[in-house]
Amino acid sequence: MKFAIADDSYEDRCELKSYICSYLSEHNITAEISEFDSAESFLSAWESESFQVVFLDIYMKEKSGMEAAQELFSSGKSPKIIFLSSSTEFFRQSYAVRAVYYLVKPIVPEEFELAMQFLEIQDSYAVPFLKFRQNNVERSIPTEKILYIDVQDHTTRIHTTEETISLSVSFRQLTEPLEQDERFLCCIRGVIVNMQHILGMEDNVFRLEHGIRLPVNIRKKKQIGEIWRSYYYAHMGDNNL
């Protein structure tokens, strides 16, 4: 999930981002947050990546947040918009672009909480986080960032979009929770892959991001291929794919 904050006030962006991060952490929701200091820079970024949730300050230099929202609405794009403003002047206009909420500055914690509830955002993953111990320290990582997990020389490794984590824990014990999550598929013994990150299947190999190639069990190739294609076509409209 991707959030965008468009506000020409650095202080206001920092405050809002703090509120958002606290809310996401409290509700175990994973999201990327991008900041923009103008409506123009936000709209420019929108051309290359879609945001599911957008916080738009109405009073910005040159193009206003309301004008940016109207452009999105006219183009048929429909992110969930929450307006930010120091007044209620544009409150009625916010309905015309189907805004979710209208937050008046300075932000009141109770109002922010209500706005987030109106967004109705929640990760639909069966297992949004994978928890484990590393060097006697409890860790938790978003499962959507996991590329694949394998075992090599009695070491179980979690390969993510950011790092590789080596653990002294059995492969079975670590991956058991992921069996209930439709995204994860055992492609060969000792390797479980997150189908969100599969780009394609060639012969007996899955192609992943970053040039990664994972072998597929030859005996179960047809069955594994059908599971992946079924997942792919069911989720081909998702932003993560």
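Arg 98 sits in the loop between helix H4 (91-96) and strand S5 (101-104), where helices are DSSP runs of H or I with at least four residues and strands are E runs with at least two, numbered from the N terminus. This is a predicted model, in which local features need pLDDT of at least 70, side-chain atom pairs count only at pLDDT 80 or more, and totals for chains, interfaces and linings use all residues. Residues are numbered from 1 along each chain as its sequence is written, and side-chain values use heavy atoms, leaving out hydrogens and water.

Most residues other than glycine have a negative phi, and most peptide bonds are trans.

| Residue | Phi | Relative accessibility |
|---|---|---|
| Arg 98 | about 60° | 66%, exposed |
| Asn 135 | about 55° | 69%, exposed |

Asn 135 belongs to the loop between strand S6 (129-134) and strand S7 (137-142). There is a cis peptide bond too: Lys 105 and Pro 106 are joined by one, with omega about -10°. Pro 106 lies in the loop between S5 and helix H5 (109-119).

On to the sheet. It is open and built from five parallel-paired strands, ordered S2-S1-S3-S4-S5; strands pair if DSSP finds at least two bridges between them. Strand S2 (32-36) and strand S5 (101-104) are the edges, each pairing on one side only. From one strand to the next, the twist averages 15°, taken between N-to-C directions on a 0 to 180 degrees scale, with axes as lines fitted to C-alpha atoms. S5 pairs with strand S4 (residues 80-85) over four bridges, in the parallel sense, and Val 104 in S5 is the bridge partner of Ser 85.

Arg 183 is another arginine to look at. It is placed in the loop between helix H6 (171-175) and strand S11 (184-188), yet it is buried, at a relative accessible area of 2%. Its side chain makes polar contacts with the side chains of Thr 143 (2.7 Å) and Gln 196 (3.0 Å); such a contact is a pair of N or O atoms within 3.5 Å, where within protein one must be able to donate a hydrogen and the other to accept it, and residues adjacent in sequence count only if both atoms are side-chain atoms. Leaving aside neighbours within four places in sequence, Arg 183 also has contacts (heavy atoms within 4.5 Å) that include Tyr 125, Val 127 and Tyr 231.

Note on methods. Buried < 20%, exposed > 50% of the residue type's maximum accessible area, 1.4 Å probe, protein only.
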